[in-house]
Amino acid sequence: MKTAIYGMTKTQLSEWLVAQGEKKFRANQIWEWLYEKRVDRFSEMTNLSKQTIALLEEHFELAPLKEIIVQEASDGTVKYLFELPDKNMIETVLMRQEYGMSVCVTTQVGCNIGCTFCASGLLTKNRDLTAGEIVAQVMQVQKYFDARGLDERVSHVVVMGIGEPFDNYDNVMDFLYIINDAKGLAIGARHITVSTSGLAPQIKAFADNGLQVNLAISLHAPNNEVRTSMMRINRRFPIETLMEAVDEYLEKTNRRITFEYIMLAGVNDRRQHARELAELLKDKKKLAYVNLIPYNPVSEHDQYSRSEKEDVLAFYDELKRNGVNCVIRKEHGTDIDAACGQLRSKQMKKKKAVRA
């Protein structure tokens with residue numbers, strides 16, 4: 001397969017061009033065509049020579065994603081199922097927020113983290129996405145606006161789709177540098193959030209990257225017993241190890257961390273769990289922010305159900321009473337395949353049924 005050109009940072013592209021006998025400044029021209037004019041073919045880059053265009057066409061892929069399904073919800077959420085050149089499929093979601101247009105991107109084909117409530121992990125990891133395939137998701141959504149004549153731009157990105165971002169660390173970092181670049185998509189670092197299930201070494205590395213990108217931790221439980229039952233990763237990085245990495249990150253960056261907490265009826269949504277969570281975060285209250293997430297049921301994980309509204313509110317009140325900053329996440333796309341990975345999982349099942 002050819003390389004997705006969207007995965008080249010400007011420095012990488014400059015170095016590659018020079019190695020091919022091209023002028024270094026060509027990288028700036030190419031980036032302008034890619035991210036400002038958003039062309040669909042190399043042949044549209046009219047200030048490049050035929051030789052340069054042929055070189056790009058020989059080595060790079062400009063459109064690595066094929067649109068398979070687009071679901072539009074009544075609240076304006078749009079969910080995309082894309083096919084990659086190797087026929088693997090991924091999901092991307094556009095969420096219309098009060099503060100702008102936010103895109104949730106996928107970083108892996110499948111997931112090996114093994115969260116027992118999650119649709120993303122129903123199909124094990126096939127491979128990592130390249131940086132170019134991750135950038136292409138944002139570009140595809142931006143071109144969705146362009147094609148409809150909408151004066152909209154992708155203003156926010158969350159790296160929370162299928163896969164564990166920090167299990168694909170180098171490609172995710174290149175992706176962040178590309179979309180944050182002022183000559184690229186120019187998405188502000190503070191408008192970008194990366195979520196991890198708790199890979200402690202990568203959290204420590206992320207503290208040293210120099211980007212002001214937001215970090216979210218998928219915590220989902222206040223103690224090891226409950227968290228291990230929900231998330232296999234907790235066996236490798238138990239809460240004590242995770243919090244040690246979090247402390248190092250906070251010390252180095254002094255930046256707020258969001259703790260994601262999915263609400264599961266009778267599993268992690270009791271007042272006692274809220275008190276345990278408050279105790280766990282007591283020395284981090286100034287920089288800790290808890291995001292309580294309503295559960296989107298997954299048929300394959302029928303052992304879990306959504307917490308009752310009164311239990312979510314009681315949990316929220318208990319956290320607030322203990323001085324923890326928290327919010328109940330607003331839901332998006334509830335009238336389509338809302339849970340991350342559901343659309344892909346359904347399509348894969350259909351393919352298997354047809355082959356059978």
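Tutor: Happy to! Let's settle one term before we look around: helices and strands here are DSSP runs, a strand needing at least two residues, and they are numbered from the N terminus. Keep in mind too that this is a predicted model.

Student: Okay, which strands form a hairpin with two residues between them?

Tutor: That is β5 and β6.

Student: Why is β5 described as largely enclosed?

Tutor: Because seven of its nine residues are buried, β5 is largely enclosed by the rest of the structure.

Student: What's the order of strands in the open sheet?

Tutor: The ten strands go β3-β4-β5-β6-β9-β10-β11-β12-β13-β14, with mixed pairing. β3 (66–72) and β14 (325–328) are the edge strands, each pairing on one side only. On average, neighbouring strands are turned by 25 degrees against each other, direction ignored.

Student: Where do I see a parallel pair?

Tutor: Look at β9 (residues 154–159) and β10: they run parallel and are joined by three bridges. V159 has V194 in β10 as its bridge partner.

Student: Which helix packs on the sheet and touches β9?

Tutor: That's α4, which touches β3, β4, β5, β6 and β9. The direction of α4 makes about 50 degrees with that of β5. Further along, helix α11 (residues 309–321) lies across β12, β13 and β14, running at about 165 degrees to β14.

Student: New topic: how many residues are in the largest nonpolar core?

Tutor: It has 108 residues, and those with the most contacts inside it are F175, L176, F206, F259, V290 and L319. Helix α4 (residues 131–147) gives the largest share, eight residues. Domain 1 (3–61) and domain 2 (66–355) both contribute residues, so the core lies between them.

Student: What does F206 touch?

Tutor: Setting aside residues up to four places away in sequence, its contacts include F166, Y169, M173, L176 and Y249.

Student: Is S195 buried or exposed?

Tutor: Buried means under 20% relative accessible area, so at 8% S195 counts as buried.

Student: And where is L219?

Tutor: L219 is in the loop between β11 (214–218) and α7 (224–230), and it is buried, with a relative accessible area of 0%. Beyond its neighbours within four places in sequence, L219 contacts residues including R227, M231, F259 and L280.

Student: Which cysteines does UniProt place under "binding site"?

Tutor: The unreviewed entry places that feature at C111, C115 and C118. C111 is found in the loop between β7 (108–109) and β8 (127–128), and C115 is in the loop between β7 and β8 too. C111 is buried at 10% relative accessible area, while C115 counts as buried at 16%.

Technical notes
Residues are numbered from 1 along each chain as its sequence is written. This is a predicted model: local features need pLDDT of at least 70, side-chain atom pairs count only at pLDDT 80 or more; totals for chains, interfaces and linings use all residues. Side-chain values use heavy atoms; hydrogens and water are left out. UniProt positions are given in the numbering used here, feature names are shortened, and annotations may be inferred rather than shown by experiment. Helices (H or I, at least four residues) and strands (E, at least two) are DSSP runs, numbered from the N terminus. Buried means under 20% relative accessible area, exposed over 50%, partly exposed in between (1.4 Å probe, protein chains only). A nonpolar core is a set of buried Ala, Val, Leu, Ile, Met, Phe, Trp, Tyr and Cys residues joined through side-chain atoms within 4.5 Å. Domain bounds come from an automatic or database domain assignment. Contact means heavy atoms within 4.5 Å. Two strands pair if DSSP finds at least two bridges between them. Axes are lines fitted to C-alpha atoms, for helices over the stretch in contact, and angles run from 0 to 180 degrees between N-to-C directions.
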